[in-house]
Structure formats: structure tokens, C-alpha cells
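Subject: Structure for you to look at

Hello,

Here is the structure I said I would pass on. Please open it first and then read the notes below.

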Amino acid sequence: MNRTRASSVDAFGTRDQRNRIYPALEASDGSTLSLDFTQMSSLDSRFTFSRNTQGTFINSSGYVAWSDVNLVRDSIGFAVTSATSRGWGLPAGATTSLVNDRNGVSSNASRTSYTQSGSAAVTWSPDSSAVAATGVVARFWIRGVTNASRIDVGWYQSTLGWGVASDGSCTIVGGYSSGVTINSQTGVLFRVENLSTTEWTQLEVKRSTRFDYFAMYFGGAAATGLAHAFEFSDFQINLGTVAKPFVATSNAGGAGLQAPRFDYDPTTRAPRGLLIEGSASNLMTHSEDQGNNTTWNAFGSSVTRTTGQTDPGNNSTANKLVFDATTADAVISRSVTVSNATQYTISMWMRADSGTVTNVRFARAAGSAGAIFPTLTTAWQRVQLTFTSSTTSDGIEIRVLNSGSPQTATVHLWGAQLEAGTGASSYIPTGTATVTRAADKLTMSNIALMQWNQTAGTFLWDMDVQAETSTSSFAPAFAGMYRAGPVRVIRFQLNNSSGTNPRIGSDTWTATPSSIVATSLYTRPVGTPFKAAVAFANTGQSMTYCINGTVQTTVTGTGTLATPTLFLMHQDPSAGDTEYFPIHLRQLKYWPTNLSSSDLRSITT
């Protein structure tokens, strides 16, 4: 993706300025909404994007990445009512107040005072998605008030204990540092001493493994009976190994949780557009623990495991397994409770250690049921398999068959996922419990900005379907104009369990033009780009639509369109829509006029 840059202005920033809602006279083709999500690094401010959990995507380097920015609620002041319900925990007897932050802004920092009578700490506990993550960074400012010579900070995880030097670090990254010292307490915490009571010091505390909570211990274990007071400002906690720019958050939740995901092809690095998905759950716990015999069982002949290998996220959480099937099949597996006679998809990243491997079987747990033999190279690939359960206990299995003679294979494994539906959605890491990712929602409530025309108009949707995750015969993947109720004024949707037949129409005309494009005219393979356009006229209640260059018969109805109040992409949960196909939205355009059939053919070819 090398592109010539004409100036020192950031290339993505320049594209973001071009890809916005245009007044009709400024857009060369007359469109008043013109967005290309393959050329954008941020969402147009006129749109509202929401998702109240973290989500993963493929970044421009081809790595699996998190969409979070700041996971902390109340990041500029945890001294608020009911703070403990938003992740912050305070020791009994502590008093809190809001004070000026490091920039002198009133009530943007918190002060915590405590008379220590034992082991006590201010703690922060994340949601389950963050707990399951590997690699986390906390960055914040701290200043002492009284008895502030020492504070212990670190990450805790129940099966691993406190962070140690081999599992993380604590460093001074900004502000006052004269006299401040940091020492690693093996098996305990990082001890920060000689903190100033007049100057702010910025600390950064990393951890490379999973965690249960972040803690700031007052004074240390030898400080019993002392009264302590500290001031904290600008808390930033994000997943990964690099601290991101600070984003202030309130009790509504971490701002980063609402971050849209601009997805890329993991192999070619080509931009695939804005990733929009419904809610999904990874039913497979310990999704990255294939190297742990406690969570992933090994059967048959020898399976040698090595943890700490480079994973598709460019971290060190993958597992290297040597299968040596000498007298019986060599296999590792994980089981899970499922619903009988239900469609599921299992998926996992796999690669060969060297050369090519063709004798590894990836299957649902139960011997040969639903087995496939992927051709593995040294490049990571996500292998997936869809099946219908015939029991209430199923899972994932990776096996090398003995086949009457010794068989060996060395592979790397990472990111196991089991979810309902007929395709794999974006990866959802898990720990000891299953994890659910919330649905994405993209809306624009001020449609006056796009100069909505109640009489005539044209929409263009340029997208592909990431996976067929529908578990019913009707998947309401809506996109278009709506009003409260909800009433679908003009909408495009994918339909049917096979996902091959799009539907374009309006729910407000009598004798609704709601035509389904015949399979013989259009078939949608997963991952294949397609373009759909519709030109509609309230006078005569007509609608002409085109998909991939094929203009369809105009359909007509009676009555008038309802007046819309917002643009919505993808579904409306208030209408009872609980699922939809995950898509990559590459381009979205609107014209306040009808385009001709030849124009529709041109813009969708």
C-alpha cells in the first residue's frame, strides 16, 4: 500500500478530509454523502458508532489487534459515587475527593486518603474481554500528598500472582523524576519510592500475560498505621504492548470501546473497509492455551508443547506443538457444552513450523466428525469448520493420525473459537469463562446534513460479507433510512439462511416493493465484494435497483414514504433484530436525485 505523498500532511488525515458529507454543489457527481471506508482512518464525526465491548480486527500490518483506546471508566476521577461498580475499588476507610489535575484543570484528578492498618489498595478491575487479553499497559500521573514516599503498583492474575520483572515492567515515562526510584519486588509488585509531593510523575506499568486487576498499594507492607494521601490524574489502560494517546472517559464507559474497526486483509494488507458485526460469543474457554495440558487435553502418543511463541497479533501467546503418533493418534482437544441439533462454527489460527504440513486434522471433537485436513504453510491462516451438533457436548480437536505407521507434525496454534452460526466472526479471546462481543451500530441522526430528498434519491452500498453467521432462516441485515417505530423507509438487507438473496425495498409504501433478487441473477460468496444501488421516487412509488452491474425490474407500490429520522447501518435492535451478517463496508454514497439505469449499472460495476 505504498502511495506517493504530496506534502507533509498525514495521508490518512488528508483522505479523511476528502471522505465526508459534501454539500451537493461541492461534490463532483452530485452526491451529498460520499464515504470511502478503505481510505479512512477515522469515522466521520456526523456518524455515531457504538459497541460497549472490545472487538478485534486485522490491522494494516496484518496482525490481529484490539479496537480499544482507553478501557478505564472515570479515567479523570474515580472519586465518584458508585465508582466501584465501574471498575474502581477502594479500601474500607478510604476517603476520596476530586482535585486539580496535572494541568491545573479543576476536578479532573482524584485524591485518595487512607490510614493504613494492613494490606490495602486502590484497584481497577476490567470486563471479561480485557481479562482474557494478553499484553496490557497502564499509564497515569501520580503525586504524593502526605507520607507519600512509596506506593506499590502492579497487575494481578490469580494463577500467576503479581507481575514480576520477567512478566512486565514499570518505568517513568514523563514529568518529574528527580529522586524517584523503581524496584521490582520478585513475586510481588513494582515499588515506586521517593515520590514528590509537589511535582507530577508519569508512570507506565506493562504486563505481558492475562490479569484480574490493576492495583496501587498504599505505602507498602511496612507502613501500617501511617496516613497516606496520593493524587492520580489521566488514567489510561489499554490492551497491547504500546501505550496509546490518552482519551478522557466518564462513567459511561471507556471511549475506546466505541472505536470502529477498519479491517485489512491479513495476507495482502489490502484495506477491506469498516468492519460491522452483530453480537457473538466465543463458547470455547482458554482460547489461547493449547500449550497447557490442564485446559487442553492431550491423548494418544506424545504431544510436546512449547508456549510463548509469536502469535498472529505479534505477541508471544501462540503454542508450538510437536505431534508424534507412534502407536496411536496424537491429539489435543477441548470440549464445551452446546445445544443439540444446532449449527456451530469452530475456528483457529494454524501454521506449519517449517515447510508444508498436510497430515494435521482439524475437527470438531468426536473422532472424525466434521474433519478437514488444511494445507499448512509457515504463514498463519484461520481454519474454520461448520457443523450441526448431534449431542450436548462438543468442541475442537487437532489430531495427527497414526494410520498404521508413525506420523509426526510440528505446528503452531492460536485463537480457538466456537460460536453459533455458519461462519467465524472476528476473534473473541477467552480465559476461564466464555466471552460475548456486543453488536456494532452505526447511525446518523441529523439527516439534514445529507440533504435528504423525500421525493427522490439514490443509495449505493459497496460491501462484502465476512461470514454467514445467521442461525435462522431470516437474517435482518438492514441498512438505510429509518424513523422511530422502527419504520424501514428505504432499506437493503441480506436474506435467507443461505445468505444468497438480497432484498431491497420500503416498509412504508402500501403493496411494499420488497423484491428479492433471484439467485440466478446474483450469488454472494463470502468475502466477495459486491455493490448494490437503489433509485427510488415517491411519485409513482417506484424503485429501480442494481447489483453488480445487473439492473433489476422496477417495482411499484402505493402511498407515500414515511419521513425518516435517521440513517442506520446495519440493524435495529429495538425492532427485535438479534443478528445479522458481519460485513466490510467499503463505500457508502447518497444522491438526493434519481440516477438512471445506466448510472446504476456504472456505479455498481
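Helices (H or I, at least four residues) and strands (E, at least two) are DSSP runs, numbered from the N terminus. Thr 32 sits in the loop between helix H1 (11-18) and strand S1 (33-36).

Two remarks on the source. This is a predicted model, in which local features need pLDDT of at least 70, side-chain atom pairs count only at pLDDT 80 or more, and totals for chains, interfaces and linings use all residues. Residues are numbered from 1 along each chain as its sequence is written, and side-chain values use heavy atoms, with hydrogens and water left out.

Overall picture

The protein has 3 helices and 42 strands. Of its 605 residues, 54% count as buried, meaning under 20% relative accessible area, with exposed being over 50% and partly exposed in between (1.4 Å probe, protein chains only). Among contacts (heavy atoms within 4.5 Å) with a separation of 6 or more, 73% are between residues 24 or more positions apart.

Is Thr 32 buried or exposed? Thr 32 counts as buried because its relative accessibility is 0%. A polar atom of the Thr 32 side chain lies 2.4 Å from the backbone oxygen of Met 450.

Cys 170 counts as buried because its relative accessibility is 9%. Cys 546 is buried too, because its value is 0%.

Strand S33

Why is strand S33 (residues 479-483) largely enclosed by the rest of the structure? The reason is that 4 of its 5 residues are buried. S33 runs antiparallel to strand S41 (residues 566-569), and 4 bridges join them; strands pair if DSSP finds at least two bridges between them.

Nonpolar cores

A nonpolar core is a set of buried Ala, Val, Leu, Ile, Met, Phe, Trp, Tyr and Cys residues joined through side-chain atoms within 4.5 Å. The largest one has 43 residues, and Phe 459, Trp 461 and Met 569 touch the most other members. A second, separate core has 32 residues, including Val 122, Phe 190, Phe 235 and Leu 239. Leaving aside residues up to four places away in sequence, the residues that Phe 459 touches include Met 450, Trp 452, Met 481, Phe 567 and Tyr 590. Met 450 is also the residue whose backbone oxygen lies 2.4 Å from the Thr 32 side chain.

Regards

Notes:
A polar contact is a pair of N or O atoms within 3.5 Å; within protein, one must be able to donate a hydrogen and the other to accept it, and residues adjacent in sequence count only if both atoms are side-chain atoms.
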